[in-house]
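Student: I'd like to learn how to read a few features off a model. Can we walk through one together?

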Amino acid sequence: MKVISKNDIEKYIGVDIEPTDWFVVNQEQIDQFADCTLDHQFIHTDPVKAQGTMFGSTIAHGLLSLSMLPYFAESFGYLLEGANIGVNYGFDKVRFIHPVKVNSRIRAHAKLIGVEEKSPGQYTFKTEVVVEIEGEKKPALMAVWLAMQIVS
């Protein structure tokens, strides 16, 4: 994460941030996510049965791809000087566009699109994020992600 000053926030709004490194979504991770969420639909967890679908293999849960954003944010995120905590605040928009097949490589492209001081010392960051799938024309997902940082 890049540490920035409150006085410099405007410099970062609208700037395309360098894409993150690629990340491989493997079957073990998909299975672990299924266990955590109790979503064991065969398209995610049964490689043999999933071969007979239009996807030809298992696919990651859309929410698994979305849950990778905090990991990717370590590369593209901004941290205000003096921030002592940062929390997810929600999403203004999330769209799952293309399935992520098992063993695909994904990465995130991000752009800070706004920062608002909600109350003294509480800043909401609004970031547009696209998760790309290597070799696919369409992205896995697009989201407008909100994060709150508390500065003391």
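This is a predicted model: local features need pLDDT of at least 70, side-chain atom pairs count only at pLDDT 80 or more; totals for chains, interfaces and linings use all residues.

Student: What is the phi of L38 about?

Tutor: General idea first: most residues other than glycine have a negative phi. Here, L38 has a positive phi of about 60°, although it is not a glycine.

Student: And is L38 buried or exposed?

Tutor: Exposed, because its relative accessibility is 70% and the cut-off for that label is over 50%.

Student: Where is N103 found, and what is its phi near?

Tutor: N103 is in the loop between β5 (83-96) and β6 (104-119). Its phi is near 70°, again a positive value in a residue other than glycine. N103 counts as exposed too, at 53% relative accessibility.

Student: Let's do rings. How many aromatic pairs does a search of the whole structure find?

Tutor: It finds 5. One of them is Y12 with Y78, a tilted pair at 4.8 Å centre to centre with 50° between the planes. That pair links distant parts of the chain: Y12 is in helix α1 (residues 9-12) and Y78 in strand β4 (residues 78-80), 66 residues apart. Y12 is buried at 17% relative accessible area, and Y78 is buried at 11%.

Student: Why is the pair of F76 and W145 edge-to-face?

Tutor: A pair of aromatic rings is described by the distance of the centres and the angle of the planes. For F76 and W145 the centres are 6.4 Å apart and the planes are at 80°, so the pair is edge-to-face; the label needs an angle over 60 degrees. F76 lies in helix α6 (residues 69-76) and W145 in strand β8 (residues 141-151), so the pair ties together parts that are 69 residues apart in sequence. F76 counts as buried at 4% relative accessibility, and W145 is buried at 8%.

Student: Which residues do ring pairs link into a cluster?

Tutor: F23, Y71 and F72. For a ring with a charge, look at F42: the charged end of K49 sits over its ring, 4.7 Å from the centre.

Student: Last one: which residues is T124 in contact with, leaving aside neighbours within four places in sequence?

Tutor: T124 is in strand β7 (residues 122-133). Its contacts include Y89, G114, E116, L146 and M148. T124 is buried, with a relative accessible area of 8%.

Methods
Residues are numbered from 1 along each chain as its sequence is written. Side-chain values use heavy atoms; hydrogens and water are left out. Helices (H or I, at least four residues) and strands (E, at least two) are DSSP runs, numbered from the N terminus. Buried means under 20% relative accessible area, exposed over 50%, partly exposed in between (1.4 Å probe, protein chains only). Contact means heavy atoms within 4.5 Å. Rings of Phe, Tyr and Trp (its six-membered ring) pair if their centres lie within 6.5 Å; planes under 30 degrees apart count as stacked, over 60 as edge-to-face and the rest as tilted. A charge sits over a ring if NZ of Lys or CZ of Arg is within 6 Å of the ring centre and within 35 degrees of the ring normal.
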